[in-house]
Amino acid sequence: MAEKNNSAGKELQHRPRSEVPGKKIWHSQAYTLGAISNFMSTFLTFPIYKVVFRQQIHAMAVSEAVRQLWHEGPQYFYRGIYPPLLSKTLQGTLLFGTYDSLLCFLSPVGPHSLGQRWAAGLMSGVVEALALSPFERVQNVLQDARKQARFPSTFSILKEFNSYGFWGRLSLGYYRGFWPVLVRNSLGSALYFSFKDPIQDGLARQGLPHWIPPLVSGSVNGTITCLVLYPLIVLVANMQSHIGWQRMPSLWASAQDVWDTRGRKVLLIYRGGSLVILRSSVTWGLTTAIHDFLQRKSHSKKELKD
C-alpha cells in the first residue's frame with residue numbers, strides 16, 4: 001500500500017506543468033503531439049472507418065460492407081484517405097493547442113474547475129468545426145460509392161464546389177451539414193477534456209504504470225463520447241454525402257430521412273456503432289497516451305536543464 005501511494009506521488013509529480021496546480025503555462029508541445037498522434041491513429045484506423053461509413057450510408061451489415069469494398073478492389077480501399085489524414089492532423093493540432101490556450105486564458109493559475117475545462121473544451125470544438133468541416137465534407141463525398149464515377153478525385157469535388165456562387169460554396173459545398181458538425185465537435189471536446197484528467201489522476205493514484213492511466217482515460221472518454229453523439233455522426237455522414245443543387249434536404253428533413261431509413265428504430269441508427277466506438281476508443285486512447293508521454297518527456301528535459 002505504501003508503495004502504491006509513493007508511486008502515485010511520483011506519477012502526479014511528473015505530470016506536465018500545464019496540469020500542475022498553480023503553474024499553468026502555455027505549451028506549444030500540445031500542438032505538435034496532437035498532430036503526430038492523430039496522424040498515426042487515423043492511418044491505422046482508416047479501414048475501420050471506411051467500413052463504418054458504408055454502413056451509415058447504406059444501412060448494411062459489417063460483412064456486406066467489407067464484401068462491397070473487397071469487390072471494388074484494393075485501388076479503392078484507401079480512396080478518400082488524404083482528406084481525413086490532413087483534417088485529423090489539423091484536428092489534433094487545433095484541439096489540444098486551442099484547449100490549452102483557452103484554459104490558460106480562462107484561468108492562468110490552476111487548479112482548474114470542471115466548468116473551466118468544459119468551457120475551454122467547448123470552444124476548442126467550435127474552432128475545430130469551423131476549420132475542419134470542409135475536409136470532412138470532401139471525405140464523405142469521396143467515400144460514397146455512388147459518387148465514384150462522377151467525382152473520381154478530390155480535385156473534381158473541389159471543382160464542383162467552386163463552380164457555385166459564394167454562398168453556395170459555403171451552404172451547399174464546403175459547409176454542407178455544418179450545424180450538426182458544430183454540435184458534435186463542441187460537445188465531444190467538452191466531454192473529453194472535462195473528464196480526461198480526473199480519470200487519469202484517479203488511475204495514477206493506484207500505482208499503475210505511467211502509460212496506463214492516459215491510455216485508459218482516453219479510451220473511456222472516446223467510448224462514452226462516441227456512444228452519446230453517434231446519431232449526429234450518422235446524420236453528418238448522410239447530409240454531407242449529397243452534392244449539387246438538386247436533392248439538398250434541410251437539416252430537419254435529413255434527420256427525418258435518416259430516422260425513416262433506419263425503420264424508426266434507435267437500434268438501427270446505431271448499426272455500425274460498435275466499430276465506430278471501437279475505433280474511437282483506440283484512437284483517443286493512443287492520442288491521449290502519446291500526448292501524455294511527450295509532455296512528460298519535455299517536462300523531464302526542462303527539469304534537467306533547470
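Trainee: In which helix is the place of leucine 44?

Mentor: This is a predicted model. Leucine 44 lies in helix H2.

Trainee: Is leucine 44 buried or exposed?

Mentor: A residue counts as exposed over 50% relative accessible area. Leucine 44 has 58% relative accessibility, so it is exposed.

Trainee: What should I know about spacing along a helix?

Mentor: An α-helix has 3.6 residues a turn, so residues three or four places apart point the same way.

Trainee: Which residues touch the most other members in the largest nonpolar core?

Mentor: That core has 15 residues, and those with the most contacts to other members are Val51, Cys226, Tyr230, Ile233 and Val276. Helices H2 (29–58), H3 (62–72), H9 (212–240) and H12 (273–305) each contribute two or more residues. H9 provides the largest share, six residues. A separate second core has 10 residues, among them Val138, Val141, Phe161 and Leu172.

Trainee: How many residues does helix H8 have, and where does its kink lie?

Mentor: Helix H8 (residues 178–204) has 27 residues. From first C-alpha to last, H8 reaches 38 Å, close to the 39 Å expected at 1.5 Å a residue. The kink in H8, about 30 degrees, is at lysine 196, shortly before proline 198.

Conventions
Residues are numbered from 1 along each chain as its sequence is written. This is a predicted model: local features need pLDDT of at least 70, side-chain atom pairs count only at pLDDT 80 or more; totals for chains, interfaces and linings use all residues. Side-chain values use heavy atoms; hydrogens and water are left out. A nonpolar core is a set of buried Ala, Val, Leu, Ile, Met, Phe, Trp, Tyr and Cys residues joined through side-chain atoms within 4.5 Å. Buried means under 20% relative accessible area, exposed over 50%, partly exposed in between (1.4 Å probe, protein chains only). Helices (H or I, at least four residues) and strands (E, at least two) are DSSP runs, numbered from the N terminus. The expected span of a helix is 1.5 Å times one less than its number of residues. The bend at a residue is the angle between axes fitted to the seven residues ending there and the seven starting there.
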